[in-house]
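Please consider the following protein model, shown with its sequence. The questions after it concern its fold, its packing and some individual residues.

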Amino acid sequence: MRPQRFMIYSKLVEDNSALIEKIRQKLVQHGFQYDENNPALILILGGDGSFLHAIHDSALKKDGLSYLLFNTGHLGFFSDYQKDELDAFLEDILSKEGVIESLPLYRFTIDGEEHHCVNDIAIQSGETFFMN
């Protein structure tokens with residue numbers, strides 16, 4: 001991957017500060033620029049939930065962002081890299097061209113309010129009904 005502006009998005013549930021710093025330093029050493037205000041690439045540390053939160057927090061503000069998930073969470077359907085594969089994750093960023101997969105952004109309206117989602121929609125009622 002060619003060097004570019006990047007940021008790291010991580011859940012604050014667990015302390016990822018050492019991991020974040022290791023990734024940041026390695027990429028900066030290879031010409032990447034850490035830029036939280038105008039990234040072209042967002043590296044996400046977490047699971048699928050973190051991935052979806054990162055998209056929600058950033059995609060609506062700027063088109064054309066790329067996301068790469070390093071799975072440190074429970075589910076990792078969107079990730080090719082698991083917790084024990086940090087070296088492979090970094091090596092691939094530095095030496096390979098990424099394959100871009102486009103995900104559709106769904107928009108829907110409920111009671112006049114527009115919502116967005118990427119891979120699924122959960123509609124929940126405020127009440128639980130039991131039927132016999």
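**Fold, cores and selected residues**

Among contacts in the protein (heavy atoms within 4.5 Å) between residues at least 6 apart in sequence, 61% join residues at least 24 apart. This is a predicted model, in which local features need pLDDT of at least 70, side-chain atom pairs count only at pLDDT 80 or more, and totals for chains, interfaces and linings use all residues. Residues are numbered from 1 along each chain as its sequence is written, and side-chain values use heavy atoms, with hydrogens and water left out.

Q: In what order do the elements of the protein run from the N terminus on?
A: Helices (H or I, at least four residues) and strands (E, at least two) are DSSP runs, numbered from the N terminus. The protein has three helices and six strands. From the N terminus on, their order is β-α-β-β-α-β-α-β-β.

Q: How many residues does the second, separate core have?
A: Within the largest core, F70 is one of the residues with the most contacts. Not counting residues up to four places away in sequence, F70 touches L19, I44, L45, G46, S79, Y81, Q82, K83, E85, L86 and F89. The second core is separate and includes Y9, I42, L65 and V118; its number of residues is 10.

Q: Are α1 and α3 roughly parallel or roughly antiparallel?
A: Axes are lines fitted to C-alpha atoms, for helices over the stretch in contact, and angles run from 0 to 180 degrees between N-to-C directions. The two helices α1 and α3 pack at an angle of about 30°, with their axes 11 Å apart. Angles under 35 degrees count as roughly parallel, over 145 as roughly antiparallel, 65 to 115 as roughly perpendicular and the rest as oblique. The angle therefore makes α1, relative to α3, roughly parallel.

Q: How many nonpolar residues does the contact of α1 with α3 have?
A: The contact is made by L19, K22, I23, K26 and L27 of α1 together with L86, D87, F89, L90, I93 and L94 of α3. Ala, Val, Leu, Ile, Met, Phe, Trp, Tyr, Cys and Pro count as nonpolar, Asp, Glu, Lys and Arg as charged, and the others, Gly among them, as polar. By class, the contact has no polar and three charged residues, and its number of nonpolar residues is eight.

Q: Is S50 buried or exposed?
A: S50 lies in helix α2 (residues 48-58). Leaving out residues up to four places away in sequence, S50 touches Y9, K11, I44 and L45. Because its relative accessibility is 3%, S50 counts as buried.

Q: Is I8 buried or exposed?
A: I8 is found in strand β1. Apart from neighbours within four places in sequence, I8 is in contact with I20, I23, R24, Y34, L43 and L45. Its relative accessible area is 8%, so I8 is buried.

Q: Is D111 buried or exposed?
A: D111 is found in the loop between β5 (106-110) and β6 (113-117). Although D111 is not a glycine, it has a positive phi of about 50°. With a relative accessible area of 80%, D111 is exposed.

Terms used
A nonpolar core is a set of buried Ala, Val, Leu, Ile, Met, Phe, Trp, Tyr and Cys residues joined through side-chain atoms within 4.5 Å. Buried means under 20% relative accessible area, exposed over 50%, partly exposed in between (1.4 Å probe, protein chains only).
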